Amino acid sequence: VLPVASEDEFAEFVAGSLPRLLRFGHVLTGDAAAAEDLVQTALGRSLRAWRAHRIDDLHAYVRRVMVNSYASSWRRRAAAEVLTANPAAWMPGVDEATRVDDRDAVWRALLRLPPRQRAVIVLRYYEDLSEQEIAAVMAISAGTVKSQAARALRRLAGLLASTGLAGAGNGRSGA
Amino acid sequence: MSDLEDRIRESLTDPRRGLPSWRDPMPRIRRAARRQRIRLAARAGGVTAAAATLAVAGIVLVSAAGPGPRRPAMPAVPCHSRGSGQRAGLGVVAFVRGSSLLVVDLATCRQRAVVRHGGQAVRDTGNLSFSPDGRWIAFGQGSVVAAAGGPVTSPLGTALDAAWSPSADVLAAVTPRSGVATGGPGQKRRLLLPDGWGASGLFAFDPAGRQLAVTRYSFCTKPCPSADRGIWVVDLRTGRARQVYRVPRGHDVSPGVAGWSPDGRWILFQPDPSNSASVAMDGLPLDAVPAAGGSRPVQVVPSMLSQPLAWCGGRLVVSAGGGRFTFHHKHLVAAGPPAWRASPVSPGPALGWMQPACDPAGAWVAAIAAPNRDVIALARPSGLWALRADGSAAHLLAGTGGGRYQMNQPQWSADGQWVLFSRTTVVPRPGSSSLFLLRIDPATGRGLRLVGPVARDTTMFSWYRPRDAGAA
């Protein structure tokens, strides 16, 4: 007998996962408001699918909807993104300042990637997914994941080099 | 790990990127889900009004199964893959593919041909039905074949619209010369009513299989000897016939028998005022008359298209409303004896409703619905819905796949846990039909699992449900 999908279960999942999803949305879109929109859209779609018993792994499903919604709908927004750092309440020390600058530079460079490349990078370095797992989430081949990742890293290296911050993050040289 | 990769990781995990969580997120998510659903419905084209009306009415559609999304709401599980244990006892379906007659076991999904390349007799069959014990299949003009396969016989000779008794392997049919014959596999043909008697082709066994209600009508010019016209009940054992309804003198009306009430006390019929196929296509009244006779008929609905009668317990549920525009102004009503006062079942006028089918417990109605518009098209996209017999809790079970599909002929399993239905492709052009099974949660009426196709490229089909074999 199939388990009956209960909305309470879904609400429990949301309560436990929302901070993580919002953060994932933020690193994916690069914008707090866009992240909230993305999470809301993804959870709305997921709720409908949950009611129809189409979901086995809720977290994986929501992440997949977020990535694919972002890749398909956020293209123009991402390209037109106005980049701002928001250091609110973050009080770095002097040594820390350089690292914060570097994080922001990398952040800004990431936002200049095409959405699919950015999604690959976020899934690889934020979610720690393998190439096969990324391929499954984005419904593309592992080969495409590899090529998108390679292009993204080349582009990032170029962008950071042009800002003069290549290799500045950890006091190491070169990328 | 390169330096660049480390820097990306650090940037992405920068603690400043966290966002405040939402307080009480579920209402916000539910609103988002509702907006998406309405948007999807509107995108499907032409159903904006329906979606808005449904939203206002508070009707909850099942997830993405609405008319909007292009992918099926619930991915179909291949018939043979798993869950066959759950389908044990569902029985077998006979179906026509091309000019062949096949059967499929719903537990195993194994198919076999019963009649291969049967020509016109199979291809154009307007009648396909199992005997009550599931051993025989009637098709074409009185042809019979064993469900296990074997020679095709015609126990009644050439016969129009043969129908099985609900209690025995006995067929009845109107003969080409307007008599009524009975018989069956291995039985001698019996002329129950003689040729020339005036049987019109519309008849029905009573629920016990002991009597036959027959329409008697013969064309004549004025002055017309109409005294014999009407509905007659024939005792199958004695052959004695009695008139239970007489067409009023001077009226040229053919009272087409539609069926019996489950308790066998009422006969329902559709009086055709001019015996006109054209008029009938616009809908005819449905009347009820006591099977004992002696009383005037009671009108159940003023107009409805010809359809099998669905019974939710002792109450009749039909798609009422006239007009040959499919779905236009068609709504579900329920009525029961003795007053037969019809009350609405389907919610609101946004959708037109057809082909109701009641679950065995009489709690749920499965039906087909499409936007209530005057469109002349046999191939209109339509969805499969479920609603309680009192009309509440209407929800979509299977959508149109973005306007690609038309659902047809929902039927419930004997245990009320499955609905079998036909899905026909209508876009980009009318195409083939496939049969699907949908597992239903009897408590909520919601779909749990879609299985199929259990048969492809079907035209006619008939379902033998063993647990209700022999039931009235």
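In which helix of chain A is R118(A) found? R118(A) sits in helix 6, residues 115-125 of chain A. Before we go further, a word on conventions: this is a predicted model, in which local features need pLDDT of at least 70, side-chain atom pairs count only at pLDDT 80 or more, and totals for chains, interfaces and linings use all residues. Residues are numbered from 1 along each chain as its sequence is written, chains are lettered from A and ligands numbered from 1 in the order in which they are written, and side-chain values use heavy atoms, with hydrogens and water left out.

Let us stay with chain A for a while. Chain A has eight helices and zero strands, where helices (H or I, at least four residues) and strands (E, at least two) are DSSP runs numbered from the N terminus. Of its 175 residues, 46% count as buried; buried means under 20% relative accessible area, exposed over 50%, and partly exposed in between, with a 1.4 Å probe and protein chains only. Among contacts in chain A between residues at least 6 apart in sequence, 68% join residues at least 24 apart, a contact being heavy atoms within 4.5 Å.

Back to R118(A), which counts as buried at 1% relative accessibility. Setting aside neighbours within four places in sequence, R118(A) touches H26(A), V27(A), L28(A), T29(A), G30(A), Y70(A), W107(A), L110(A), L111(A) and L113(A).

Some of those names lead us to helix 1, so let us look at its packing. Two packed helices are described by the angle between their axes and the distance between the axes. For helix 1 (residues 7-29) and helix 2 (residues 32-51) of chain A, the axes come within 9 Å and cross at roughly 145 degrees. Here axes are lines fitted to C-alpha atoms, for helices over the stretch in contact, and angles run from 0 to 180 degrees between N-to-C directions. The crossing of helix 1 and helix 2 of chain A is right-handed, a label given when the near helix is turned clockwise from the far one by less than a right angle, and left-handed if anticlockwise. Helix 1 of chain A contributes residues including F10(A), F13(A), L21(A) and H26(A), which meet a set in helix 2 of chain A that includes L38(A), L43(A) and W50(A). The residues of this contact divide into 15 nonpolar, four polar and four charged; Ala, Val, Leu, Ile, Met, Phe, Trp, Tyr, Cys and Pro count as nonpolar, Asp, Glu, Lys and Arg as charged, and the others, Gly among them, as polar.

Helix 1 of chain A also holds S17(A), which is buried with a relative accessible area of 13%. The C-alpha atoms of S17(A) and H59(A) are separated by 8.1 Å, although the two residues are 42 apart along the chain.

Further along comes helix 7 (residues 131-138) of chain A, where I134(A), A135(A), V137(A) and M138(A) are buried. Down the axis of helix 7 of chain A, these buried residues fall within an arc of 165 degrees, so they line one face of the helix; the arc is that of the directions from the helix axis to the C-beta atoms. Just after helix 7 of chain A, A139(A) takes a positive phi of about 55 degrees.

Now for chain B and its strands, where two strands pair if DSSP finds at least two bridges between them. Strand 31 (residues 447-458) of chain B has nine of its 12 residues buried, so it is largely enclosed by the rest of the structure. Strand 1 (residues 76-77) of chain B pairs with strand 31 of chain B in the parallel sense over two bridges, and V77(B) has V451(B) as its bridge partner. Strand 30 (residues 433-440) of chain B pairs with strand 31 of chain B in the antiparallel sense over six bridges, with L438(B) opposite L450(B). In the hairpin of these two strands, which has six residues between them, G445(B) takes a positive phi near 75 degrees.
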